Amino acid sequence: MSKKNFKEETIRPEVERLLEKAWEDGVETVWDRKRAQEPHCGFCELGLSCHICVMGPCRIDPFKNGPQRGVCGADADVVVARNFGRFIAAGAASHSDHGRDLAELLLAVGQGLTKDYQVRDQAKLKRLAGELGVDAPGLDTAGLARAVAEVLLADYSSTKQQLAFMSRVPAKRLELWRKLSVVPRGIDREVVEMMHRTHMGVDNEAVSLLLHAARVSLSDGWGGSMIGTEISDVIFGTPTPRSSKINLAVLQEDQVNILVHGHNPIVSEMVAWAVRQPDMIAKAQAVGAKGLNLAGLCCTGNEILMRQGVPMAGNHLMTELAIVTGAVELIVVDYQCIMPSLVQVGACYHTKIVTTSPKAHFAGATHLEFDPQNAKQQALTVVGLAIEAYKSRNPDKVEIPGKPVELLSGFSNEAVLAALGGSLTPLIEAIKAGQIRGAVGVVGCNNPRVKHDHGHVNLTKELIKRDILVLDTGCAAAAHGMSGLKTLAAADLAGPGLSAVCKALGVPPVLHVGSCVDNTRIVHLCALLANSLGVDISDLPVAAAAMEWYSEKAAAIGLYAVASGIFTVLGVAPPILGSKAVTEMAVSGLEDVFGATFAVEADPFKAADLIDARIKVKRQALGLTP
Ligand code: SF4
Ligand code: SF4
């Protein structure tokens, strides 16, 4: 590892200080490993390397001096499109398998196989049952849970012609998808078909592969992820606005600190329950701590922040640094975005890493598998391990820099509607009057190749200044929270129109709508707006941006946004630039197909200009002032 000017890595002084502390403590971080990998492989960056079969691996020379075809004869377009198709399939599979876990849990609740989980939002369960055409009369809550779970689990199969939530898609959009043959059928089916198409010697045409990639992504956005969001609301409660705190300084020097990390609220909700149990608090006090302190990281942090107001310690690039504070006893994880390095960083301090999913084992971690029957007991065991670890904390190694920042969270679509008085009309009127010129989902990850939080925060500040409402999820949401953009006072940073609306409604100009699977709340809201106006989603003055994305899941989200008609700016180029045909399709050709494209722009100020220009065009086409 090397000592560097850490200012280049992050916009946050407390992150800078912990990077310095990591260096002092001899701890390697994600930034050190990124530097060790440089220069990254150019073939891979361009999507031009292929290891689909063992006649290869093959590489296509972007400078045209070397091979232009792999051993099988695939050219740059086919190699790039196949790689991209698999990238999207992996992202969609990850979200959708998370959704499946929730559907299976709802089924277990309905079958009476668990006492640890219940239906917390019965009204939403009934609404969903109605929407899905479940015959409700005579069914009690358990019966409804079972029936809804069965309908949604059937969406994973290959027996259907379209997914259940196609009923939410505006008529014009659905018609377009039908014409293009991209209406998603079974979620698993679309992923499997992509793996088949990308086997050597199957689909060898870039446009055909990209259209199927769009279908796969739609099976995520209007399928697996949407199932994840809706069932999480049913089981754990639909979020309502609530205040909390965010930043590493939510860790408490005098308490046992436990972090939940990963994505699925199935584990984090149980740990949140366990830390409230009086006998566990008494046990913590018996080892000299003042109490038990729970905080979240990444998307499972977003889930329990949205529903329970549990404070959030930080986003993706801060997960190792949370351990470097020396104040974390235990991190309990489920799956996705959990760096394997956490085990090694934890070993430099006294921090235990506990894994909980049969799908996600980490060498060197303690594995305590959660299932619907044992979840509360396992959560109590996790808390007990944290209390035990507190005894080994070295006070000389503890340093928690910075201060907690206040924020407002919990803006589910139901909460947004409630804030608007029960109908979208006030929002539509504000958009028509130009008080709110448009809305943008600023979402996605951190990536050490981008200055930490620089893209998210600067883009969002620019957008709200221009009277553009921001909805956020994932690690972008944490970035905005840590920069104070989710407070009522942040309305003063917005343009006059947006500021007035926020003050009248008592909401911030940047609304936290949840975790990464909850991007489905944004597409659903767009569909509701489009239906109210009798237009397609692509006609709305809306956009999306993922300035610091890194993961396959983020690529799947970006593609389902574009295929749903939402212009999407990426701050990091996807690995497609090695094919002119695929790149042109992504940044312009998709406009003719789906009425929206990607743009790649790393500079958040230029990205704001691109989005602003798009919103102007869409407003003018609707007959509104730009
Ligand atoms: S599929 Fe073709 S390009 Fe890919 S590794 Fe095999 S031979 Fe090479
Ligand atoms: S935003 Fe990206 S890095 Fe953060 S939790 Fe979601 S997928 Fe992972």
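**Exercise 1. Strand E11**

Task: In this predicted model, decide how many residues of strand E11 (residues 438-442) are buried, and which residues lie on each side.

Solution: 
1. Take burial as under 20% relative accessible area.
2. Count along the strand: 5 of the 5 residues of E11 are buried.
3. Sort the residues by side. Gly 438, Val 440 and Val 442 are on one side. Ala 439 and Gly 441 are on the other.
4. Conclude that both faces of E11 are covered.

**Exercise 2. The partner of E11**

Task: State in what sense E11 and strand E12 pair, and over how many bridges. Then find what stands opposite Val 442.

Solution: 
1. E12 covers residues 468-473.
2. The two strands run in the parallel sense, with 5 bridges between them.
3. Opposite Val 442 stands Asp 472 of E12.

**Exercise 3. Around ligand 2**

Task: Work out which residues come nearest to ligand 2, and why ligand 2 lies between two domains.

Solution: 
1. Sort the shell by type: 7 residues are nonpolar, 5 polar and 1 charged.
2. Look for helices. H12 (298-308) and H19 (474-482) each supply at least two shell residues.
3. Assign domains. Domain 2 (248-397) and domain 3 (410-621) both give residues to the shell, so ligand 2 lies between them.

**Exercise 4. Domains 2 and 3**

Task: Give the distance between the centres of domain 2 and domain 3, and how many residues each puts into the contact.

Solution: 
1. The assignment also lists domain 1 (76-236).
2. Taken over C-alpha atoms, the centres of domains 2 and 3 are 31 Å apart.
3. Domain 2 puts 16 residues into the contact, and domain 3 puts in 24 residues.

**Exercise 5. Cores and a covered helix**

Task: Find which residues have the most contacts inside the largest nonpolar core, and which residues of helix H10 are buried.

Solution: 
1. The largest nonpolar core has 172 residues.
2. Trp 177, Trp 222, Ile 258 and Ile 611 have the most contacts inside this core.
3. Helix H4 (residues 76-110) gives the most to this core, 16 residues.
4. Another core, of 45 residues, lies apart from it, with Val 15, Ala 295, Ile 331 and Ile 338 among its members.
5. Follow Trp 177 beyond four places in sequence: its contacts include Met 166, Trp 222 and Phe 594.
6. Turn to H10 (residues 265-274), where 9 of 10 residues are buried.
7. Those are Pro 265, Ile 266, Val 267, Ser 268, Glu 269, Met 270, Val 271, Ala 272 and Ala 274.

Technical notes. Residues numbered from 1 in each chain as written. Chains lettered and ligands numbered in written order. Predicted model: local features only at pLDDT ≥ 70, side-chain atom pairs only at ≥ 80, totals over all residues. Heavy atoms only, no water. Core = buried A, V, L, I, M, F, W, Y, C linked by side-chain atoms within 4.5 Å. Buried < 20%, exposed > 50% of the residue type's maximum accessible area, 1.4 Å probe, protein only. Helix = DSSP H or I, 4+ residues; strand = E, 2+ residues; numbered from the N terminus. Contact = heavy atoms within 4.5 Å. Near = heavy atom within 4 Å. Nonpolar A, V, L, I, M, F, W, Y, C, P; charged D, E, K, R; others polar. Domains from an automatic or database assignment. Pairing = 2+ DSSP bridges.
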